[in-house]
Amino acid sequence: MRSLWRCVVALAGGLMPAAGDTMDARTPDDYERQRARMVEEIAALARETGAETGRATLSARVIAAMGKVPRHEFVAAGDRRGAYANRPLSIGLGQTISQPYIVALMTDFMDVKPGDRVLEIGTGSGYQAAVLSELAGTVYTVEIVEPLAREAHERFERLGYRNVVARMGDGYRGWPEHAPFDSIMVTAAPREVPQPLIDQLKPGGRLVVPVGGQASGQSLLLVEKRADGTVTRRHVLAVRFVPLTDKSGKQQ
């Protein structure tokens, strides 16, 4: 079996506009076709990497959310024609929007149910929060980089994501005023799993977080909290995320 990263490279090219498509993809139909191809690629990659992740088939609800959220609205204008390629894209200020497959996989591991209260750490451009909003009751999202937090808030308003509550702040400490949460996702890598996030997770809840340094390597973890408050941790796969930083820019 090919490794996850070789699969990502192999599949990424298939998401660019095909011959005959409008390269700028300015119309809703163009974007809809690209989203449909993206969803097909996500499903194919899930099958090929199922032995590594334990998720050969992703939830139909997650796939539907990926097919609905307009990813091109969450990237820079110059990147719109490649917005649905299976690769991360820069959103400026040293931050990125994760590749679609990783977004779908992390979302699937959260097992979000209708009505759930979900916390996201690392709003970025807002794409992941938008995907979660299609599945949850309310999504709370925190971003430490002020320009990104401001732009994401404006984007949620413009696109009509009314069940997303966003603020600027240090995500390492979570959002205790709205805890406990049914599930939590971290989209940047701390050195260790933040204890405040474990504390703010409901019994039976799930925390999906990449952990580790960029030099030492990062591991995507699924942390589950039992009814008695104890937690289990499971390695999912090796990943590469931007670090979860404090206001000084130092990894937490």
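In the predicted model, Y140 is buried, with a relative accessible area of 8%, and F181 is likewise buried, at a relative accessible area of 0%. Both values fall under the 20% limit, and therefore both residues count as buried. Among the 6 aromatic pairs counted in the model, Y140 and F181 form one that is edge-to-face, with 5.9 Å from centre to centre and 65° between the planes. This pair joins distant parts of the chain, since Y140 belongs to strand β4 (residues 138–143) and F181 to strand β6 (residues 181–186), 41 residues apart. Ring pairs also link F74, Y127, F156 and Y161 into a cluster.

The largest nonpolar core comprises 51 residues, of which M66, F74 and Y127 touch the most other members. At least two residues of this core are supplied by each of α2 (28–48), α4 (60–68), β1 (89–92), α5 (100–110), α6 (127–133), α7 (146–159), β8 (218–225) and β9 (231–239), and α5 gives the most, with 8 residues. When neighbours within four places in sequence are left aside, Y127 is in contact with M38, M66, V69, R71, F74, I97 and V103. A second, separate core of 20 residues includes Y140, together with A188, V193 and I198.

As for open space, the largest pocket holds about 220 Å³ and is lined by 11 residues, with P88, T96, Q99, R240 and F241 lying nearest its centre. The lining of this pocket divides into 6 nonpolar, 4 polar and 1 charged residue.

Notes. Residues numbered from 1 in each chain as written. Predicted model: local features only at pLDDT ≥ 70, side-chain atom pairs only at ≥ 80, totals over all residues. Heavy atoms only, no water. 1 Å grid on protein atoms, 1.4 Å probe; cavity = no way out; pocket = protein on both sides within 12 Å on 5 of 7 lines; lining within 4 Å. Points joined across faces, edges and corners; volume = space filled by probe spheres on them. Nonpolar A, V, L, I, M, F, W, Y, C, P; charged D, E, K, R; others polar. Core = buried A, V, L, I, M, F, W, Y, C linked by side-chain atoms within 4.5 Å. Buried < 20%, exposed > 50% of the residue type's maximum accessible area, 1.4 Å probe, protein only. Helix = DSSP H or I, 4+ residues; strand = E, 2+ residues; numbered from the N terminus. Contact = heavy atoms within 4.5 Å. Phe/Tyr/Trp six-rings, centres within 6.5 Å; stacked < 30°, edge-to-face > 60°.
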